Amino acid sequence: MPESSRSFRLGVAGPVGTGKSSLIATVCRELASELRLGVITNDIYTDEDARLLRSAGVLDAERIRAVETGACPHTAIRDDVTPNLIAVEDLERDFAPLDVVLVESGGDNLTATFSPALVDAQIFVLDVAGGGDVARKGGPGIARADLLVVNKTDLAPYVGVDVPRMVADAEAARAGKPVLALSRTDADSVAALKRWVLEMTAIVRGGAHVPVDPGPMAPHSHAGEDGEILTHVHAHSH
Ligand SMILES: Nc1nc2c(ncn2[C@@H]2O[C@H](COP(=O)(O)OP(=O)(O)OP(=O)(O)O)[C@@H](O)[C@H]2O)c(=O)[nH]1
Ligand SMILES: [Mg+2]
């Protein structure tokens, strides 16, 4: 594929239910008139996220495609990224030229991050409902994603979380990389997210951005389909 038809590939990862699909819907709503967008979702067993995004009506339904990973979400976004790369390249070919393809990871735990072989930059999404101390727990996404989002700040009073404190904890874990307190009900925070995506798009287009691998990950386990526990380590060469 000629270089000019390659989009900026932006990953969105983070624990289950923190608002990854909602953030992608917000980005589409805010930027679909300025940038040519596509979306790839990853779910283990379903295309639920793709259907949710299509029904949000923020982007042409054909520009939103699902990869059913059938396995550990880490595998699909790190170790065997081929199905995702094919999905991204198909989308880029079918709707050429695209400016940005957003790739949503299957929701998982704190350790899942994208391989730089799949995305150019990545957002890691936490939410206040997961607890104010989550940012202090660290992990590769929290420490080294290109942007860390502390989402659903509108819920902070209900779950007893001090947002400035949670943001300060996150900043302390990130050596100067940005942290954004976000709520879809807070227009200023949505504008800040939009600015970050536009700036990152310009940086990646300009060739000045070097994708960074936030890994490595800790060994972890998953319950298999029949209930057995699968423990495995992802080996990576850096
Ligand atoms: N109050 C509030 N709720 C939000 C916000 N963003 C998302 N949500 C809600 O959080 C829930 C989960 O959002 P999703 O966007 O589906 O989260 P996800 O991370 O994509 O979830 P998985 O893909 O299942 O891991 C939904 O009920 C959303 O409506 C927000 O800014 N404020
Ligand atoms: Mg989702």
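## Strand β4

In this predicted model, strand β4 spans residues 100-104 and is mostly covered. Five of its five residues are buried. V100, L102 and E104 point one way from β4. V101 and V103 point the other way. Both sets are buried.

β4 pairs with β1 and with β2. The β1 pairing is parallel and has five bridges. Within it, R9 has V101 of β4 as its bridge partner. The pairing of β4 with β2 is also in the parallel sense, over five bridges. Here I40 is the bridge partner of V103 in β4. L37 stands opposite V100 in β4.

## Strand β2

β2 covers residues 37-43. This strand is mostly covered too, with seven of its seven residues buried. L37, V39, T41 and D43 point one way from β2. G38, I40 and N42 point the other way. Residues on both sides of β2 are buried.

β2 also pairs with β3, residues 64-68. Five bridges join these two strands, and they run parallel. T41 has A66 of β3 as its bridge partner.

## The chain as a whole

The protein chain has nine helices and nine strands. It holds 238 residues, and 44% of them are buried. Among contacts with a separation of 6 or more, 74% link residues 24 or more positions apart.

## Around ligand 1

Which residues come nearest to ligand 1? They are G19, K20, S21, S22 and G107, out of 15 residues around the ligand. Helix α1 gives the most to this shell, with three residues. By class, the shell divides into two nonpolar, eight polar and five charged residues.

Where does ligand 1 lie relative to domain 1 and domain 2? Ligand 1 lies between them, because domain 1 (16-110) and domain 2 (120-207) both give residues to its shell.

## The annotated binding site

The UniProt record, an unreviewed entry, lists a "binding site" made up of G14, P15, V16, G17, T18, G19, K20 and S21.

P15 lies in the loop between β1 (8-13) and α1 (20-31). Is P15 buried or exposed? It counts as buried, because it has 20 C-beta neighbours inside 10 Å, and the cut-off for buried is 20 or more. Leaving aside neighbours within four places in sequence, P15 is in contact with G107, D108, N109, L110 and G130.

K20 is found in helix α1. K20 has 28 C-beta neighbours inside 10 Å, so this residue counts as buried. Not counting residues up to four places away in sequence, K20 touches V12, G14, E104, G107 and V125.

H209 sits in the loop between α9 (187-205) and β8 (220-223). H209 has 16 C-beta neighbours inside 10 Å, so it counts as partly exposed.

H209 and D120 are 89 residues apart along the chain. Their C-alpha atoms are separated by 7.9 Å. Apart from residues up to four places away in sequence, H209 touches D120, A121, I203 and V204.

## Backbone exceptions

Most peptide bonds are trans, and most residues other than glycine have a negative phi. The peptide bond from A96 to P97 is cis, with omega near -5 degrees. P97 lies in the loop between α4 (82-94) and β4.

Two residues have a positive phi without being glycine: K152 and A175. For K152, phi is near 60 degrees. K152 is found in the loop between β6 (147-151) and α7 (156-159). K152 is buried, because 26 other C-beta atoms lie within 10 Å.

For A175, phi is about 45 degrees. A175 lies in the loop between α8 (163-172) and β7 (179-181). Is A175 buried or exposed? A175 counts as exposed, because it has 8 C-beta neighbours inside 10 Å.

Note on methods: Residues are numbered from 1 along each chain as its sequence is written. Chains are lettered from A and ligands numbered from 1 in the order in which they are written. This is a predicted model: local features need pLDDT of at least 70, side-chain atom pairs count only at pLDDT 80 or more; totals for chains, interfaces and linings use all residues. UniProt positions are given in the numbering used here, feature names are shortened, and annotations may be inferred rather than shown by experiment. Helices (H or I, at least four residues) and strands (E, at least two) are DSSP runs, numbered from the N terminus. A residue is buried if 20 or more other C-beta atoms lie within 10 Å of its own, exposed if 12 or fewer, and partly exposed in between; C-beta atoms are placed from the backbone. Two residues are in contact if their C-beta atoms, placed from the backbone, lie within 7 Å. A residue is near a molecule or strand if its C-beta atom, placed from the backbone, lies within 6 Å of it. Ala, Val, Leu, Ile, Met, Phe, Trp, Tyr, Cys and Pro count as nonpolar, Asp, Glu, Lys and Arg as charged, and the others, Gly among them, as polar. Domain bounds come from an automatic or database domain assignment. Two strands pair if DSSP finds at least two bridges between them.
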